[in-house]
Structures are given as structure tokens and as C-alpha cells.
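Please look at the sequence and the structure below. Then read the short briefing that follows.

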Amino acid sequence: MLGGGLSGIAAALTLAEGGLTDVTLLERGATLGGLAGSFERDGHFYPLGYHHILHRDRALLYFLERIGALSDVRWRRIRMHFHLDGEAYDLGRVAGFLRYPMSLPDKLRFARLMVRAFVRKDWSAWEDRSAAELVDRLAGPGVRLAIFERLTRLKFELPCAEVSGAWLGARLHHREGSAPLGYIPRANWTKVLCDGLARLLNEAGVRVRLRTRVTRLQTADGRITAAEGESGERLTGDIFVSTIPTEIYRGLLPEESTPGLEQIRYSALLSVVCATRQKVPTTAYWTNLATLDRAAGAIFLLTELNPTIGRPGDTCINFVTHLGGRDRPLFQETDEQLMERYRDDYKAVFGVELDPFWTHIARVPMYSPVFGRRYRNPPIRSGTWRNVWFAGNYRTFPSIVSTGTALGSGVETGAALLAELGRRTGLPEAIARFRPKAMIRG
Ligand SMILES: Cc1cc2nc3c(=O)[nH]c(=O)nc-3n(C[C@H](O)[C@H](O)[C@H](O)COP(=O)(O)OP(=O)(O)OC[C@H]3O[C@@H](n4cnc5c(N)ncnc54)[C@H](O)[C@@H]3O)c2cc1C
């Protein structure tokens, strides 16, 4: 298994629980979890950037139940603000929605679009069509210009015309801004998840090798024969599952020519988590900086979702910027330059200075595939190498990119691989059947 993010963990677990006795997972980091990893400050753990549990993320809920953590999850409705031209609008509330600079007929069309997205689960008919076509057809250009052109730029630095309609439809279906979001009190839930999954891997007999960056893949007779680590060690294997970003995988194997892989481009992400004891002049968990003139795309108040994350009395703030690619100048700036920009953003949005007493900066060069208009999932296995399989969020389009979709992709690939070997797992069915007993508010 190449990669110990959630998709690699789920694939390894599926294979080991399906009866394979010799499963090894190679992860370059010091811990499992990848993008869902954590960092520590004074004995408290924090996510690399905002992470909330989506109520429709069934694979995530299933695995939280398996590790005994689902009953600890609490659900809250959060406030999401649109900050536009110096004003904050809460589109989830009637007053904020009515004030938003968009005509009344467009507001009605927007509301109709949201209802349609809520009831429609499958958006695959919108593959090969753009988000602009989707919004124009279901709500009109006025709604696109007032809201969605801003959102696709915040997410991919692209206009709606270049973003997939299927992706946007699926994203609206998840209602991230209006449905209750989950968290675990007095903990960072991604750490609880990763620790619990590490325990399951151990129980299933998976060998986990951390701090093992794969730098070469050796091939012979149309198969990969071994992975080579940074220190030169050679790890042989019969079957390889790649869950690392496709750009890294292709760098290791330039001869790989499976259709669809070459076109995948990754967005980059900057995420700064910091703590303050100052009073924060907003109750919004999520503020989108929709004027598009700031370095940050969004500011999250992590303590608004989970008031008990970190040290009592601290307020945790998270600045996030999605970039079209890691070549953007902002991605190369020093920590000091970046922090200065984010403090400027804070002042411009909330009208007061921010003086954090610690900051943690994460630069993610490959965050998510850019789901452009023509995005298609690559196949589940390599067309070039007979013993190579793929899993990860680059295969879960048009669904949103989440912890649950990563876990689901790992399970799907593990199950397909087992089937090829004449074995069966009931995991995909167990996940599809899974319904949480209750959603406790908190
Ligand atoms: C800031 C932020 C906010 C998010 N918010 C949410 C949220 O609110 N809710 C939600 O559900 N999801 C959220 N997500 C998304 C979620 O965390 C990811 O979609 C998911 O964790 C991706 O898992 P993965 O296994 O597909 O990829 P990754 O986590 O990228 O896993 C790939 C792994 O491969 C390893 N690797 C790469 N190259 C090599 C190599 N050469 N050798 C060995 N190992 C290698 C990496 O270290 C990594 O561990 C967020 C992500 C971020 C970054």
C-alpha cells in the first residue's frame, strides 16, 4: 500500500480483513492520516485545517462507529457568512439572505436550486458540462454572477465555465453550509479517527511503516516488483495499491500511461491555524471572503464548531486559501509574509487586529484534483502495470472531497482487488446499509 492517508488505511484494512495475510502500508509521514493528520500544541491536538463531519459521509460514520467514537460525536448547525464589499451576510438566515445584493427573482431561483440539489443525489448526468451551464439552467446567470462565480474562484481559482457541473451539483447536495456538522468534544476528531483506524490496522495484522517515502518503483515484465524507500531499502510485493497523489505516482513511474491519470492536476492549499485569547467579533464558524481581493479565501473559527478544542479559554482561528496550483506566488511566500497578509485580512474583515500567541502553517502542494469541466475518474487499476490498483479522492468524482469519500474509495478498491483474487468482503454493503442511531445535538 503506497500512502497512509485515509484511502490507504481503508484499502489496507479491507484487504487484511478480507483474508490477505501479508499487507504492508508505506507512509512518508511520521503518523498516519495524511491530509486528515493533526499537530500538537501544549498537549492538545488540532487538525491541519478546519475539519467537520458531514452528516451524509456514510463511510466516515461507519468507521467512527467501528472505532467506538460515533456516540461521542455532537452535531451543530453553524453559521456561514459571505463577506462581500465590507458587509457580512448570513445566507442561512432570512434576514441575511434578504439583504444580500441579488434581485428578489434571483433569490427565489437560488432557493429553488438549493431545494433541487437537496433532493437530487446523482449528478453524473452533468459530467462534461460546466458549473456555469448548471447554474444558468437551474437558476439563471444572475445567481451565478452573484454567488457561484465567487465560490468557484475561491475553491479552484477558476470561473464557473471551467468547473464541472456534476461536482457543483454533488457539493450542493451535501449542504455543507446549512446541515448540522459533527465534531467530538474535548478532542480533535480527525486524531480520534486516525488513532482508532491505526488500532484496527494493528488488530488486522497490517504492517505499517512510517517515515518511509517511496522514491522509486521498480518494474519488470509489465509489473511493479518493488518499492524503494529514501534510504535505499527495497520492499518487494506481488500487488501494489497507490493512494498517493497521481502527480507523485506518475513522477515515480514515467512510463505509466493509464488513460485519465495524466490529465489530473492538483490544487494547492494554505492553512494557518492560530490561537488567541482576544474577543473575536463574529459568531460565524465559516466566513467566505467573497470579494476576492484578500489572500485568504475563508476564515474559520474552529471554536464555534468545537468550543472545547484546545486549551480552555483559547479561541482557534483558521485561515485557508485554495490555489489553482503550487506554482502560485502566494504559495512560495515566507511564513512571516503569509501571516502578515492573513492578519491584514482579519483586520479588513472584522475591523480589529489579531494577535495570536501561536500559529501553525501548513502548505499542502497537492490538496485536491481540480474538478474541471471534463474531469473523469481514472480506472481502478493501472492499464500499464498488471499488478497496480488505485484509490483516493481522485477517483470519487463527482462527489465532494472528504474524509468519508477517501475511506470509501479505499474500501472500493480493496473489495475489487479481493474479488479479483476470488475473495469477498462484506464491507461495501455494511457501509451502504449503515445508519447512525441518533444525531446528538451539542
Ligand atoms: C484544510 C483541509 C480541510 C478539510 N476539511 C474537511 C472537512 O471538513 N471534512 C472532511 O470530511 N474532509 C475534509 N478535508 C479532506 C480530507 O482530509 C481528505 O480528503 C482526505 O483526508 C484525503 O485522504 P487521501 O488518503 O485520499 O489522501 P492523502 O491524505 O493525501 O493521503 C496520501 C498519503 O500518501 C502519502 N504519500 C505521498 N507521497 C508519498 C510517497 N512518495 N511515499 C509514501 N507516502 C507518500 C502522504 O503523506 C499521505 O499520507 C479537508 C482537508 C484539508 C487539507
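Predicted model: local features only at pLDDT ≥ 70, side-chain atom pairs only at ≥ 80, totals over all residues.

Residues are numbered from 1 along each chain as its sequence is written, and side-chain values use heavy atoms, without hydrogens and water.

**Overall build**
- The protein chain has 14 helices and 19 strands. These are DSSP runs, numbered from the N terminus: helices are H or I with at least four residues, strands E with at least two.
- The radius of gyration of the protein chain is 22 Å, close to the 22 Å from the globule rule for 442 residues, so the chain is as compact as a globular protein of that length. The radius is taken over C-alpha atoms, and the rule is 2.2 Å times the number of residues to the power 0.38.
- The C-alpha trace spans about 65 × 50 × 45 Å along its principal axes.

**Burial and contacts**
- Of the 442 residues, 55% count as buried, meaning under 20% relative accessible area (1.4 Å probe, protein chains only).
- Take contacts (heavy atoms within 4.5 Å) between residues at least 6 apart in sequence: 71% of them join residues at least 24 apart.

**Helix α2**
- Helix α2 covers residues 58-66, and its buried residues are A59, L60, L61, Y62, F63 and L64.
- These buried residues pack against several elements, including α1 (6-17), β5 (74-76) and α13 (403-420).
- Just after α2, G68 takes a positive phi of about 80°.

Note on methods: Buried < 20%, exposed > 50% of the residue type's maximum accessible area, 1.4 Å probe, protein only.
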